[in-house]
Amino acid sequence: MFVQVGIETDGCPNLTGKNVGLLKRMQDKVTEMNPEQKLKFLHCIIHQEVLCKSVLKMNHVVDVVTKTVNFIRARALNHRQFVALLDEIETEHRDISYQTSARWLSLGKVLKVFWDLREEILEFCVKKGNDIPQLSDADWWLVDLGFSVDVTAQMNELNVKLQCKGLFVHEMYSAVKAFMRKLQLLSSQMGDNNLTHMPTLKEAKPLADHLHRYTSMLEALHGEFSRRFQDFKTLESEMNMVSSPFTCSVDNASSDVHMELIDLQSDTLLARNFKSVPLLEF
């Protein structure tokens, strides 16, 4: 009987150590019980997805947003006055949340609110004597902010999909592959000055130089996803056998299930053909 066992980790040394790590001990124990059984060690999909953000190099955007939001939220008086300002002008957003370096998954929402309230935030900070040059003078920074809003929104959408309950690994990897195809699409469209799926960046009105740089960043992000998920790609044929047993290639499956797969696919084909045969009336 074919049995495939996989273990996901976050890559910490206590788990992945070659000699005394937990995974090494587990493999030794399994080998002792069944020498032919091999464990598959994979890096956590969600953790990998979060780590990929490092190639975007958005610290100059995130740091300003974090510093500004913390200025508003850290002091109770500032926070009350800012909320009162939003109530007075009746904006869509009634507040803005904290953003710290440890809360990457909420970054997309914070950046979006910051973009929508950028004029109100600038007005408030000027009144409080805390001018923000990036909001008032540096157009390049605002364009980078618009790009960051759209990219983090896409990544957060992927993360929400990955955190759904009851998902199998092949379903999670399928979501990652779909996201990688989206990155290729966005990069291709941006090269043609098509910002259909980047509405915030489109609103920021980027120049050609901006688009060229963002295209390179999206390509780098795609490359980072490809690199970090290489271990899942090597198991793709085995995952296809689980997700699509009726259509997967028998040759790519493990040799000990070839007969069962052939019978399964043959029986399915016969059943489909039988249903398509019209009944004869006498």
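## Salt bridges in this model

A salt bridge here is a side-chain nitrogen of Lys or Arg within 4 Å of a carboxyl oxygen of Asp or Glu. The structure above is a predicted model, and by this rule the count comes to nine salt bridges. Let's look at some of them.

Lys182 and Glu157 form one of these side-chain pairs, at 3.7 Å from N to O. Lys182 sits in helix H10 (residues 169–191) and Glu157 in helix H9, so this bridge ties together parts that are 25 residues apart in sequence. Glu157 also meets Lys161 in a salt bridge, with an N to O distance of 3.9 Å. Both of these distances, 3.7 Å for Lys182 and Glu157 and 3.9 Å for Glu157 and Lys161, are worth a look in the viewer.

Taken together, Glu157, Lys161 and Lys182 are linked in a network of salt bridges. Within helix H9, Glu157 and Lys161 are four residues apart, and therefore about one helical turn separates them.

## A bridge from H12 to H9

Another pair to inspect is Arg213 with Asp144, whose side chains meet in a salt bridge at 2.8 Å, N to O. This pair links distant parts of the chain, 69 residues apart: Arg213 belongs to helix H12 (residues 208–228) and Asp144 to helix H9.

Which side chain of opposite charge is nearest to Asp150? Asp150 is found in helix H9, and the answer is Lys112, 6.6 Å away. Because a salt bridge needs a nitrogen within 4 Å of a carboxyl oxygen, that distance leaves the buried Asp150 with no salt bridge. Leaving aside residues up to four places away in sequence, Asp150 touches Met198, Pro199, Thr200 and Leu201.

## Helix H7 and its cover

Helix H7 spans residues 118–127, and its buried residues are Arg118, Glu120, Ile121, Leu122, Phe124 and Cys125. What covers them includes helix H4 (59–74), helix H5 (76–89), helix H6 (107–116), helix H8 (133–136), helix H9 (139–162) and helix H11 (199–204). Just after H7, Gly129 adopts a positive phi of about 75°.

Thr68 is buried, with a relative accessible area of 4%, and, not counting residues up to four places away in sequence, touches Phe114, Ile121, Cys125 and Ile132. The C-alpha atoms of Thr68 and Ile132 are separated by 8.2 Å, although the two residues are 64 apart along the chain.

## Cysteines

How many disulfides does the model have? The count comes to zero. Cys125 is buried, with a relative accessible area of 0%, while Cys164 is partly exposed, with a relative accessible area of 42%.

Conventions:
Residues are numbered from 1 along each chain as its sequence is written. This is a predicted model: local features need pLDDT of at least 70, side-chain atom pairs count only at pLDDT 80 or more; totals for chains, interfaces and linings use all residues. Side-chain values use heavy atoms; hydrogens and water are left out. Buried means under 20% relative accessible area, exposed over 50%, partly exposed in between (1.4 Å probe, protein chains only). Helices (H or I, at least four residues) and strands (E, at least two) are DSSP runs, numbered from the N terminus. Contact means heavy atoms within 4.5 Å. A disulfide is a pair of cysteine sulfur atoms within 2.5 Å. Lys and Arg count as positive and Asp and Glu as negative; His and the chain ends are not counted.
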